[in-house]
Amino acid sequence: MTLEQLRIFIEVAMREHVTAAAKALNITQSTASAAIAALEDRHGIKLFHRVGRGISLTEAGRVFLVEARNVLASAAVAEATLDDLSGLSRGSLRVVASQTIAAYWLPSALVAFRQTFPDISIVLEVGNTRQAAEHVREGRSDLGIVEGIVNDPALAHWPVGEDRLQIVRSTPFQNTTVDAVWLQNAPWIMREKGSGTRSSLNQALQARSINPDMLKEILALPSNESVRTAVEAGVGVAALSSLVVAPSLASQTLYAAPVDLGPRIFFGLRHKERYRSKAADAFLHILETHKKNPATKT
């Protein structure tokens, strides 16, 4: 059993698709299939159900997935320990961030890190807040940066930055009273459940004694860009990061409601017990500088 076989198994298990997993790992489909077959043949057990062209984990596969992730996490810790001995002259930094942060807030900090430590490779994964927390908890990423509050006893979380949510639509808000009644009756385009943007909106509404479940949600979409495009098309209203809507407000394809939802905090995530590399510490220092000097932000 090799670490490469475990990596392939985990990717196939996550995607439930051999071809998609092979593409993500930049290997051939036959290589991915051979790795899974080798694991199954060596131990005489089936890790996947194969029904037609689809696959899904067997019960044995689900149990093995937990252990495979633990093994890769331990291997990553061992590698990071050796990398640290080289004094940041080699190694990797693995960061997972929610969509808004990865696309609009984090790039300048990553560029600054790359310029300071050119020999450290950067692996950036993107997911919603829930997915980012899973990455850090399972050791697949060294650090997470998310928009929503994460209540996980295994993870430390602390503020690293902020922006603001803005309620937007495709027509001006002149003579529009944006109160509780308006908010509850407006046709909402929402981010998917589990996203930091949606969580932040829910908290802002609850602070105004508005039940988020009472909103008229007409559509839920999986990215900031898809939500923004739908609202620009006149479908409804949405609450999005000021970073996301700034170009649309400038070009007047969107208009912001005259309501202040307050600041939205970005949180750093790390595992409380897993080894934290010098590369992760160096990046946290850059993030702290990034927070204190807003002019450096993207």
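Predicted model: local features only at pLDDT ≥ 70, side-chain atom pairs only at ≥ 80, totals over all residues.
Me: Is aspartate 142 buried or exposed?

Reply: The cut-offs come first: buried means under 20% relative accessible area, exposed over 50%, and partly exposed in between (1.4 Å probe, protein chains only). Aspartate 142 has a relative accessible area of 18%, so it is buried.

Me: And what does aspartate 142 touch?

Reply: Contact means heavy atoms within 4.5 Å. Not counting residues up to four places away in sequence, aspartate 142 touches Ser92, Leu93, Arg94, Leu269, Arg270 and Ala280.

Me: Where is histidine 135, and what does it touch?

Reply: Histidine 135 has its place in helix H7. With a relative accessible area of 14%, it is buried. Leaving out residues up to four places away in sequence, histidine 135 touches Val96, Glu125, Arg140 and Ser141.

Me: How do I read a nonpolar core, and which residues touch the most other members of the largest one?

Reply: In soluble globular proteins, nonpolar side chains tend to be buried together. The term here means a set of buried Ala, Val, Leu, Ile, Met, Phe, Trp, Tyr and Cys residues joined through side-chain atoms within 4.5 Å. The largest such core has 23 residues, and Leu93, Trp105, Leu106, Phe113, Ile145, Phe283 and Leu287 touch the most other members. Two or more residues each come from strand S3 (92–97), helix H5 (99–105), helix H6 (107–116), strand S5 (143–146) and helix H12 (278–292). H12 gives the most, with 7 residues. Apart from this core lies another, of 21 residues, including Leu6, Val18, Leu39 and Leu47.

Me: Take leucine 106: what is it in contact with?

Reply: Setting aside neighbours within four places in sequence, leucine 106 is in contact with Val95, Ala97, Ile101, Leu124, Ile145, Phe283 and Leu287.

Me: Which strand does S7 join, and how do they run?

Reply: Two strands pair if DSSP finds at least two bridges between them. S7 and S8 are joined by 5 bridges and run parallel. As for burial, 4 of the 5 residues of strand S7 (residues 187–191) are buried, so S7 is largely enclosed by the rest of the structure.

Me: What about phi of asparagine 175 and of serine 209?

Reply: Phi of asparagine 175 is near 65°, a positive value in a residue other than glycine. Asparagine 175 sits in the loop between strand S6 (155–169) and helix H8 (180–185), and is exposed, with a relative accessible area of 86%. Serine 209 also has a positive phi, near 60°. Its loop runs between helix H9 (196–206) and strand S8 (216–221), and at 70% relative accessibility serine 209 counts as exposed.

Me: Zooming out, how many helices and strands are there?

Reply: The protein chain has 12 helices and 11 strands. Of its 298 residues, 46% count as buried.

Definitions and conventions: Residues numbered from 1 in each chain as written. Heavy atoms only, no water.
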